[in-house]
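User: I have a structure open and want a quick tour. Can you walk me through it?

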Amino acid sequence: MKEIKTVGIVGFGVMGAAIGLNAAAAGYKVVFKELNDELVATMYAKWVVKALEKRVAKGKIIQADMDGLTSMIEGTSSYDDLAACDLVIEAAIEKMDLKIQIFEDLSAACRPDAILVSNTSTFLIEKLMEKVDIQERTAGLHYFFPANINRLVEVIRQKNTSDTTYETLMGFAAKCRKVAITVKDFPGFAINPVFISSYMVLDSFLGDSLNVATLEDISQEALNLKYGIMWVQNGSGLGTCYHAGASMVDYLQGGEIGYPGVPEVLKTQFESGKPWDLEDGEALQNPAARKAVKDSLLGNIFTISTHLIEKDVVSVKDLELGVCTSLAWPQGPFSLMNALGMEESARLVSLAVEKGYYNMPQRFAGGVPEPWEI
Ligand SMILES: NC(=O)c1ccc[n+]([C@@H]2O[C@H](COP(=O)([O-])OP(=O)(O)OC[C@H]3O[C@@H](n4cnc5c(N)ncnc54)[C@H](O)[C@@H]3O)[C@@H](O)[C@H]2O)c1
């Protein structure tokens, strides 16, 4: 395991800034890079000074804490100033060519032993790192919005990531008080394939008799949530939801696993520029209609989760922990299956396969399997 003292962040927007503040609070020196000097000043004023002033005003931290944190963070518009960094986290906008270029520049500007990681949501790490000289020092570190509050981090091992790089990142995440899970380089990694397919299946039921309020209510009831899946989509932004869904479909639909499609209604709603109207009427109480939605939602969750295990993307324990931590679900996919019983779970998986969302996972191909060992 390598010692990390200074962390570089490329792109100091919503995610980069929250990641930087989190690292500074854990005692790391942070150097962030933005596109130009004006953005360096604007982002520092917005995400560091103003954000910390608010926390002081609310009594969450004292002035001395704020002074300590601000002294740990500096900004630059030049890659040369990242030469001292032991770890660089890229959090620039989600454009593949731009990210590949950033990693080529980092490979030239950073020390050869500096670890280089991306916080991408949708691209394969191996692809983003193709122009980095030493592949062993690359990986993914996927934070979740809002990165200062959401405790989960996926540590993504691409096929060339060395053990030292992986162990150093696990140690870094732990020191930042994050819950880290280990995930293979896979489209969307582990949590997003579950979450994105869940909202696409739920949204696909939106129509004349099923309104947003009903779908929100069913998702809360099915998963025992305080805030349902329609609400969370509004928080992420429907544009992000739509693009992330389209990207997952590109990667997985028609392949070995399969994936549900992007419902037209999600595209239309995102193009309208408005979030889902969570109060668009009473929630429908018709038990049969509600059960059809609930079965489909759970069947989707069970099937994609089983596929992720069979593809060795993540362990049962880590996916269970990751879903509960990042999405605030009281139960993850495997304890939900065990609680419902494997016979009923097998019925719901068959339903997801019949609907054409997925191919049948091996585990359910021969009938009713044993409960999951979590
Ligand atoms: N927002 C989320 O919910 C979320 C969650 C997980 C991961 N991510 C990923 O994190 C990354 C950042 O997302 P965001 O929401 O913070 O975006 P954002 O638009 O808020 O911030 C991106 C920042 O990168 C800067 N930038 C662009 N090119 C740069 C370059 N060459 N050098 C330095 N800075 C550059 C921009 O000026 C901007 O400030 C994306 O890859 C996104 O997919 C986002």
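Analyst: We can go through domains, ligand shell, helices and some backbone details. Keep in mind that this is a predicted model.

User: Domains to begin with. How is the chain divided?

Analyst: Into domain 1, residues 6–184, and domain 2, residues 191–365. Their C-alpha centres lie 30 Å apart.

User: How many residues are in contact between domain 1 and domain 2?

Analyst: 13 residues of domain 1 touch 13 residues of domain 2. On the domain 1 side, β7 (152–157) and β8 (179–184) each give at least two residues.

User: Now the ligand. Which residues come nearest?

Analyst: Gly11, Gly13, Met15, Ser121 and Phe145, out of 25 residues around the ligand.

User: And which helices supply the shell?

Analyst: α1 (14–25), α2 (37–57) and α4 (96–109) each supply at least two residues. The largest share, 3 residues, is from α1. By class, the shell holds 15 nonpolar, 7 polar and 3 charged residues.

User: Let's look at α4. What span should its residues give?

Analyst: At 1.5 Å a residue, its 14 residues should span 20 Å. The end C-alpha atoms are 20 Å apart, so the two agree.

User: Which residues of α4 are buried?

Analyst: Lys99, Ile102, Phe103 and Leu106. Down the helix axis, the buried residues fall within an arc of 95°, so they line one face of α4. Asp97 and Ala108, on the other side, are exposed.

User: What do the buried ones pack against?

Analyst: β1 (6–10), β4 (87–90), β5 (115–118) and α5 (125–128).

User: Switching to α8. How many of its residues are buried?

Analyst: 9 of 12, so α8 is largely enclosed by the rest of the structure. Among the buried residues are Val212, Leu215, Glu216, Asp217 and Leu223. The cover over them includes α7 (191–203), α9 (229–236) and α12 (287–310).

User: How far does α8 reach?

Analyst: 17 Å from first C-alpha to last, close to the 16 Å expected. This helix covers residues 212–223.

User: What follows α8?

Analyst: Asn224, with a positive phi near 60°. Asn224 is not a glycine. Its place is the loop between α8 and α9.

User: Is Asn224 buried or exposed?

Analyst: Exposed, because only a residue with 12 or fewer other C-beta atoms within 10 Å counts as such, and Asn224 has 10.

User: Which other non-glycine has a positive phi?

Analyst: Arg177, at about 60°. That residue is in the loop between α6 (163–175) and β8. Arg177 counts as exposed, with 10 C-beta neighbours inside 10 Å.

User: Last one, Gly27. Where is it found?

Analyst: In the loop between α1 and β2 (29–33). Gly27 is exposed, with 11 other C-beta atoms within 10 Å. Gly27 and Leu87 are 60 residues apart in sequence and 14 Å apart in space, C-alpha to C-alpha.

Key:
Residues numbered from 1 in each chain as written. Predicted model: local features only at pLDDT ≥ 70, side-chain atom pairs only at ≥ 80, totals over all residues. Domains from an automatic or database assignment. Contact = placed C-beta atoms within 7 Å. Helix = DSSP H or I, 4+ residues; strand = E, 2+ residues; numbered from the N terminus. Near = placed C-beta within 6 Å. Nonpolar A, V, L, I, M, F, W, Y, C, P; charged D, E, K, R; others polar. Expected span 1.5 Å × (residues − 1). Buried ≥ 20, exposed ≤ 12 C-beta atoms within 10 Å, placed from the backbone. Arc of directions from axis to C-beta.
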